[in-house]
Amino acid sequence: MTGGYTGKILRIDLTTRLIHMIDTAKYEEFGGGYGMGTAIFWDLAVAPGEWDLKDAYDPRNVLPIMVGPLAATGVPGAGRTNVCGLSPETFPTCEFWRSNLGGRFGNMMKLAGWDGIVVQGRADKPVWINIINDQVKIEDGKELWGLDTWETQNRITSMVGGKTRYGEEWQQIGDTYTTTRPEILCIGPVGETKSRLAALITGSGVSARIGGHGAVFGAKNLNAISVTGTGSVQMSDPEGVLKARILQMKTYTGGDIPFASGPGAASCMPCLRADRRRSNYYGGESMCADQSWYFNNRNQTAQDKACEALIKSGLSSWSLHFHAMSIEIEGAPKFYRKKVPTDSGLGWYLQFLKEQGLLGPGKQIDSAPLPLDQWNELSFREALIDCIVRREGIGDALAEGCCRAAQKWGRLEMDRDSGALRLPAWGATSHWTMPFVEWAYAYMLGAGDPAWHGFMAPTGVPRDGTPLEESLEKLSKRTIPYTDDIFMFNYAWKGEEAWKTGIYSPHKAKQVAWSRHYSAFWNESMAFCEMFLPELHSYTPEMEIMYYKAVTGKNDSFADTMRIGQKIWTLERAIRVMHGRSRQTEDFYPYMYMPGASGLAVYGGVPIYEKGKWRSDPAPDMYLDRKGVDDFKSHYYALEGWDKEHGWPTRKTLEKLDLERMIKTLRDSGKLGTA
Amino acid sequence: MVDTKKTENDTKSVSRRDFLKKGSAAIAAGAMGVYASQPTGDALADPIREVSYLPSKGYIVHDSRLCFGCQSCMYACSMAHEGVASPSLSRIQIIRDAPSFTKYPYDIVMSVCRQCVTPLCVQNCPTGACHIDTENGNVRVIDPNECIGCGTCIESCPQRPHRTVWNPEKDISMKCDLCLNTPYWSNKGGPDGHQACVDICPAKALKLVHEPPLQTDVNGYDVELAPPQVPSGSFMDVFNQDSDDNQKEGE
């Protein structure tokens, strides 16, 4: 194998308690991380054809927890860990979906000698997995069950880390030594009670928040995975990595995303918000996003405490999303009160129900035990967490997520249609989405939030005063392989231009495809923090390739890597198709087709080309057209090589992408696209 | 005393065996693990001699308040010296009190070789492998070709954790040499050159200085390199938006 890989992936079947090793080389064509995880999911969960892929809690659900070749090599921002599998959180069906997390768990996994850990089956009683280099044990988890995420990590550390004193001694492990402690990925009580809002937590505040995979751990009776690694990671050109990194540090100008990590850090940290001085809590991994999404309050102490309770419970701040920002939009439904949230989830939906007088003690939806009169207090946020953890009163419905709760309350259709359930598609928390249409389309084509900011800043108002058209031309030079088409960045959303060169045109399909392919390879599989790369104003694609070559020694061009990205994205599509995805089921929630759908153009506006001229426009009035979205699907499917009628990958496409082994499964299921 | 005139291989095999046989159980255990606060074992039986050493012309100081705990320096050190990424082979150790969630500023310990004014590692090395490189700014270094792997330098280091590091792949000790000998990094090191850990640190929490810091305790090396700038508020504040929507709307 080339540099960066350890060469082996751990496979643990909790039902049989058998521990296997998978040769990483078998999956090297998928890059690493998510790419490999997706292929492993296909091989273990889809291809055998023994499972209908409906229930995320089925023991046959497979969870690959993977890192990429750049992890633990000193490449900044590339130590993220990807988790994928059938998601219990998506609605109405459990879709194949992924999340990722930073911190140091992934690096430690590599240092222990593993490119990934694949978990399948279900233990007959609570267990945790103890990995010390090549020694792997399934341990009794009885005493961990019921503990919060911090207690779990402390308990495991005391068991694994021996009696060495912090900061004073080396610990001997076999013939090797370390001063570091184990890195632990775990769930809290909400994972154990299988709340669909359960995250996977490591450290004090790092979490894989999207998808509810913490509940899959709970369903498998798996409380935690602890990894201690004292090994080494080989790379092709260590000096090349050091040089690339120092070069990037010297030339870094602040990045496209102002709070991004910058060219620092061996793992995905630190970023500005994760500065350990910023919060009172253990640093380098503070709960930055949690504070914005769950309890954005001027009282830092209250904010910290709310988020500590959240993380300890193992809940996802993402799913419980109140909202961080809002804007006024003319014509939006009245219940928004001219404050349309740019992002929203369960918290915002509760606020809507409260304001409508539907939620309260003894009301249509009984709020007990929530103290609604303390809405803006720490006490309310803590009570909300507590009732979900205990599944007490309203907490039992909320633990299932807002769509399933709305369904239980008989409000699903009306609130989905009105936009009160402001979720773009698949019941997923809303985040940006509009007017960044490529983001919205990624929601629909995937299974929820793509959480990918790559085009937001580069298509915003040019910060250096460069004329907009000139700025877009420069941008279009970097978007290999779809270069020299500035209409990819046209956000014209109404009138003839929307269909000709705007958001319903073949040009927009290219932008969406670029974002999906880039994300699949560079962010999910090479595991670069998506707020760190791409940097489409400056470093992309040169910097990615510089790091990639130095570590792996491969001579792939950027276009080659984008092809691997397309391959991963197409494989992901094949899994969804096997699951039931088709053109007919792939759609937005109704509010996206109504005034009020737009959000905040955070970089000043999006480029709009009309009447022969470009302008930056915040587009607060943007909403989608049903026929337009339908037309977009046709263009997009054609570009990806999926058939027009169903959106299924065709034989020709699968052959072109070296995905022949998927052909038989799709064909036998009657879901192979015809050209 | 070890016959250092023997060939390198002979010296290593014979003298290491001699030391392991003669040395204490602590040394035989691999020259690591938990050490008593005072040196022990036959190899260290002599009282500390009053010897003057030429002071190093370079010292790495650190600011534990700036450190992110990202371990970049550890990766850079092992990559520059050993050609692999391995915190266990790094001569600088950043130790996070994880996951016991100790709060700032007590959550991170930066463990950096002090280039001691009176280097016990040099003083007690039986072969002279650990020595003062007078041709390169008096840096305290270990010659990997002369090291017999007895672990005396590790036992001798008065710091906790010890700054001399065991390399289990080569069966020798290693220590910070201010990047004088970096086979995988071509930059000139030493007191007049670059150090991989210093150059790579994204927090600028490491710095090379030329005057010896206070030797009395760890604070001599843990210095304020930049005034603390404590960010506050929410990460969404960078967008300069109204960050307390929740408060207002709920009212």
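Two strands are said to pair if DSSP finds at least two bridges between them, and strands (E, at least two residues) as well as helices (H or I, at least four residues) are DSSP runs numbered from the N terminus. In this sense strand β4 (residues 81-86) of chain A pairs with β5(A) in the antiparallel sense over six bridges, and G85(A) has W97(A) in β5(A) as its bridge partner.

This is a predicted model, in which local features need pLDDT of at least 70. Residues are numbered from 1 along each chain as its sequence is written.

Chain A has 22 helices and 23 strands, and of its 675 residues 71% count as buried, which is to say under 20% relative accessible area with a 1.4 Å probe, protein chains only. Of the contacts (heavy atoms within 4.5 Å) in chain A with a separation of 6 or more, 68% are between residues 24 or more positions apart.

Strands β4 and β5 belong to an open sheet of six strands with mixed pairing, in the order β2-β1-β6-β3-β4-β5 (chain A). Because β2 and β5 of chain A each have a single partner strand, one side of each is left without a neighbour in the sheet.

Another open sheet of six strands, also mixed in its pairing, has the order β8-β7-β14-β11-β12-β13 (chain A). Here β8 and β13 of chain A stand at the edges with a single partner strand each, so one side of each lacks a neighbour in the sheet. Strand β7 (residues 127-132) of chain A pairs with β8(A) in the antiparallel sense over six bridges, and I129(A) has I138(A) as its bridge partner in β8(A).

| β2 (chain A) | 18-23 |
| β5 (chain A) | 96-101 |

Technical notes:
Chains lettered and ligands numbered in written order. Predicted model: local features only at pLDDT ≥ 70, side-chain atom pairs only at ≥ 80, totals over all residues. Heavy atoms only, no water. Buried < 20%, exposed > 50% of the residue type's maximum accessible area, 1.4 Å probe, protein only.
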